[in-house]
Amino acid sequence: MNSMSNTLSLRTVFLDFKEITKAGLAISVLFSAIAGYFLGFDSEHPFQWSVLIMLAIGGYCMVGASNAFNQVIEKDLDSLMDRTKSRPVPAGRMSPTSALVVAGLLTIIGITLLYMINPKTAMFGAISIFLYTSVYTPLKTMTSLSVFVGAFPGAIPFMLGWVAATGDFGIEAGTLFLIQFFWQFPHFWAIGWFLYEDYEKAGFFMLPTGKKDKGTALQIILYTVWLIIASLLPSLGYTGKLFITPIAAGAVFLLGLWMLFYAVKLYKLRTAKAAKTLMLVSVGYITLLQFVYIIDKFLR
C-alpha cells in the first residue's frame with residue numbers, strides 16, 4: 001500500500017512539474033534552439049554533442065523557469081480561467097513558495113549550463129527569462145502591447161542555437177531572431193482570438209484592437225506577410241553564412257502561402273474555429289520551415 005502511495009505521489013509530482021514548466025511548450029521552444037544549433041555549426045565551429053546536450057537541458061530549464069515564475073505571479077488570475085485553473089499553484093497542489101524554489105533552481109541550472117557553452121548564450125537566456133517574467137507577464141493585464149514585448153523572449157530560442165554553435169551574434173543569428181519574432185504575432189493573436197472569452201475573465205489584453213474584429217484579423221495578415229518576407233531573406237545572399245537555395249526558398253514561400261491562406265480565412269470568417277486552425281498551421285509552419293532550412297544546409 002505504501003509502495004503504491006509513493007508511486008502515485010511521485011507521479012503527481014512529475015505531472016505537476018510538467019505542467020508548471022509547460023513541458024509541451026518548452027519542448028517545442030527547445031526544438032527551435034536545436035534547429036538553430038544545426039544551422040550554426042560548421043568546419044570552423046564543429047558539432048559537439050556536449051554543447052547540444054547542454055543547450056537542450058539548459059534551454060528546457062530556461063523556458064521552464066519562465067513558465068514557473070509566470071504561474072506564481074499569475075496564480076490568482078489563473079484561477080479565474082478554465083484553461084489554467086487546474087494548474088498546480090492555483091489548484092493548490094503546489095504552494096507559491098515551492099513553485100518559486102523550482103523556478104529559482106531551474107534558472108540557476110539553466111543559466112549555468114548555457115554559460116558553460118559560452119557567455120553570450122547565457123546572457124540571451126537570462127534576458128529571455130527577465131523579459132518574460134518581469135515585463136511581458138505584468139503587461140498582459142495592462143495593454144495589448146504585451147504581445148509585442150513577449151515576442152522578444154519568444155524569438156530568442158531559434159537564434160540562441162546559432163549563438164551556442166558559433167559564440168557569435170551577427171546577421172545570421174539576427175535573421176533567425178527576426179523570423180521567429182514576426183511569427184509570434186499571428187501565432188499568439190490566433191490564440192488570443194479563440195481564447196478571448198477565457199482571457200477576458202482574467203482581464204488579459206491579447207488582441208491588438210482589443211476585439212475579435214477585422215482590424216485584428218487584418219494585422220494578423222500583415223504580420224504573416226512580414227513573416228514570409230523575413231523567412232525568405234536567407235535566399236538573397238545578404239545574411240552571411242545563413243543561406244538557403246532557390247529550391248528551399250520555393251518551399252518556404254509555399255509554406256508562407258499556406259499560412260497566409262488561413263490568415264485570410266480568419267479575416268473572412270472571424271470565428272474561433274478559424275483562429276484555432278491558424279494557430280495549428282502556424283506551429284506547422286515554423287516547424288517545417290526549420291526542417292527545410294536544416295535539410296537544405298546538408299544537401300547543398
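At 47% relative accessibility, Asp82 counts as partly exposed, a class that covers the span between buried (under 20% relative accessible area) and exposed (over 50%), using a 1.4 Å probe and protein chains only. That makes a friendly way into this predicted model, where local features need pLDDT of at least 70, side-chain atom pairs count only at pLDDT 80 or more, and totals for chains, interfaces and linings use all residues. Residues are numbered from 1 along each chain as its sequence is written, and side-chain values use heavy atoms, with hydrogens and water left out.

**Around Asp82 and Lys85**

Asp82 meets Lys85 in a salt bridge, with 3.4 Å from N to O. The term stands for a side-chain nitrogen of Lys or Arg within 4 Å of a carboxyl oxygen of Asp or Glu. The pair belongs to a network of salt bridges that links Asp82, Lys85, Asp198 and Lys201. Lys85 itself sits in the loop between α4 (75-78) and α5; helices here are DSSP runs of H or I with at least four residues, strands are runs of E with at least two, and both are numbered from the N terminus. With a relative accessible area of 45%, Lys85 is partly exposed. Leaving aside residues up to four places away in sequence, Lys85 touches Asp78, Ser79, Pro90 and Ala91, where contact means heavy atoms within 4.5 Å. Leu207 is 122 residues from Lys85 in sequence, and their C-alpha atoms are 22 Å apart in space.

**Lys241 and its two partners**

The whole structure holds 10 salt bridges. Which residue does Lys241 pair with at 3.6 Å between the closest N and O atoms? That partner is Asp42. The two are 199 residues apart and link distant parts of the chain, Lys241 lying in the loop between α10 (214-232) and α11 (246-269) and Asp42 in the loop between α2 (23-40) and α3. Lys241 also forms a salt bridge with Glu44, at 3.1 Å from N to O. This pair, too, links distant parts of the chain, with Glu44 in the loop between α2 and α3, 197 residues from Lys241. As for accessibility, Lys241 is partly exposed at 48%, Asp42 is partly exposed at 23%, and Glu44 is exposed at 55%.

**Two helix pairs**

Two packed helices are described by the angle between their axes and the distance between the axes. Axes are lines fitted to C-alpha atoms, for helices over the stretch in contact, and angles run from 0 to 180 degrees between N-to-C directions.

| Helix pair | Angle | Axis distance |
|---|---|---|
| α3 (residues 49-73) and α5 (residues 96-117) | about 150 degrees | 7 Å |
| α8 (residues 171-194) and α12 (residues 272-299) | about 160 degrees | 7 Å |

Angles over 145 degrees count as roughly antiparallel, under 35 as roughly parallel, 65 to 115 as roughly perpendicular and the rest as oblique. α3 and α5 are therefore roughly antiparallel, and their crossing is left-handed, meaning that the near helix is turned anticlockwise from the far one by less than a right angle (clockwise would be right-handed). Their contact has 20 nonpolar, six polar and no charged residues. Here Ala, Val, Leu, Ile, Met, Phe, Trp, Tyr, Cys and Pro count as nonpolar, Asp, Glu, Lys and Arg as charged, and the others, Gly among them, as polar.

α8 and α12 are likewise roughly antiparallel, with a left-handed crossing. Residues making the contact include Trp183, His187 and Phe194 of α8 and Lys276, Tyr285 and Tyr293 of α12. By class, this contact has 17 nonpolar, four polar and one charged residues.
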